[in-house]
Amino acid sequence: MERIYLDYAATAPLDARVLEEMMPYLTEVYGNASSQHRFGQVAQMAIDKARERVAKAIGAKPNEIYFTSGGTESDNWAIKGIAEARKSKGRHIISTPIEHHAVLHTLDWLKSHGFEITYVPVDSVGKVKLDELEKAIRPDTILITVMAANNEVGTIQSIAEIGKIAREHGVLFHTDAVQAVGSIPINVKDMQIDLLSMSAHKFYGPKGIGALYIRNGIKVDKLVVGGAQERTMRGGTYNTAAIVGMGKAIELATENLDEYAKKISEVRNYFVNKVLNEIPEVIFNGAPFEDRLPNNANFAFKYIEGEGILMTLDMAGIAVSSGSACSSGSLQSSHVLLAMGLEEVFAHGSIRFTFGRSTTKENVDYVVEILKGAVNRLRAMSPLFNQLKGDVTDV
Ligand SMILES: *Cc1c(COP(=O)(O)O)cnc(C)c1O
């Protein structure tokens, strides 16, 4: 059976060129990078090179890059680290209701430790309302944390504008750019970003490695304490191979961004138009193409459960996601779609399709055929479809 993976926002496969560059560091170059002898120095040199590549990809300096275990740790560190370092200045943080759980659950934790969080609403396509963001700033606001691009609907925020607002008010700005890096251009200086989270496995690097950019001069408390790694800011023996892999992966992903975006958005647009033309009663969730990650499509198939579609597609060898991967397993509606004002019944029937470098129009043709059949069959069995079609708000 043909297998088609359309869940690249959950994770991407390791690029073969990345693995090749990692291989020596998984085998013969096994020294601890913190050791002073030759075995250690060789590993340290490879880490230095990776740090330069990561910095270059986002317009930062190498000494502003700190390696972590991934996006979740970077988000935790940025937000808890700023909260702790600045709590004497204030205990108010601004964010949005559509953040990844790595951010939302960190904010919940801070709330239970005496911080106050304001969630600025988003509009119907998932864009943060900038006027409300600015109005939410208070004298005791210490941090604004807004994701660069959303993992469920792919909406890209006006990051440079948010950076400008934050800087003008003397508030620090952190962005979870895990979905954005390697997919759209990011420059921390131009966009006035103070802290930025990224994760290698979202751009064809290895899992379990990420980085936090911290602008020079900004004081952040430590999250992981231990050895003196990362200029004493993040302890733990270096995962040299993963760091090398992240460096190679980010270079590959960012050197041909325009070409990647053009190619992948063409396949995505073809898919979106085909679904909207061939399947009735469908809502295209999220922003228009120009404000959206080039590889993301998200649809609500009215009157049916997303889980049913996901299962049917899975049996046909097609991998997609309902809601976000992290919250599936529970049948809770996506917090992102609800925050955008989508009715709960429709949020339940929503599916995310995220494309990768190797996704083709032929793949799309096959997927739409299977999808059509699945939607028709599920609707034929759906009491909602039979009884309440056209009158769904009364459910
Ligand atoms: C995947 C993801 C994360 C978590 O990153 P990990 O490296 O898997 O911990 C955080 N934020 C966003 C937006 C993501 O898509």
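Me: A residue is near a molecule if one of its heavy atoms lies within 4 Å of it, so which of the 13 residues around the ligand come nearest?

Reply: This is a predicted model, where local features need pLDDT of at least 70 and side-chain atom pairs count only at pLDDT 80 or more, while totals for chains, interfaces and linings use all residues. Residues are numbered from 1 along each chain as its sequence is written, and side-chain values use heavy atoms, with hydrogens and water left out. Among the 13 residues around the ligand, the nearest are T72, D176, Q179, S199 and K202.

Me: Which residue has a polar side-chain atom 2.6 Å from an oxygen atom of the ligand?

Reply: Let's go through some polar contacts (pairs of N or O atoms within 3.5 Å). A backbone N or O atom of G71 is 2.8 Å from a ligand oxygen, and a side-chain N or O atom of H201 is 2.9 Å from a ligand oxygen. The residue with a polar side-chain atom at 2.6 Å is S199.

Me: In which pocket does the ligand sit?

Reply: A pocket is an open set of points on a 1 Å grid where a 1.4 Å probe fits, with protein on both sides within 12 Å along at least five of seven lines; its lining residues have an atom within 4 Å of a point. A molecule sits in one if more than half of its atoms lie within 2 Å of its grid points. For this ligand, that is the second largest pocket.

Me: What is the volume of the second largest pocket?

Reply: This pocket has 15 lining residues, with G71, T72, H100, V178 and K202 nearest its centre. Helix 3 gives the most to the lining, three residues, and the lining divides into four nonpolar, eight polar and three charged. The volume, the space filled by probe spheres set on the points, is about 170 Å³.

Me: Which helix gives the most to the lining of the largest pocket?

Reply: The largest pocket holds about 430 Å³ of space, and its 27 lining residues include 14 nonpolar ones. G182, Y204, A253, Y260 and R357 lie nearest its centre. Helix 7 (240-255) and helix 8 (257-278) each supply at least two lining residues. With five residues, the helix that gives the most is helix 8.

Definitions and conventions. Near = heavy atom within 4 Å. Polar contact = N/O pair within 3.5 Å; in protein donor to acceptor, adjacent residues only side chain to side chain. Helix = DSSP H or I, 4+ residues; strand = E, 2+ residues; numbered from the N terminus. Nonpolar A, V, L, I, M, F, W, Y, C, P; charged D, E, K, R; others polar.
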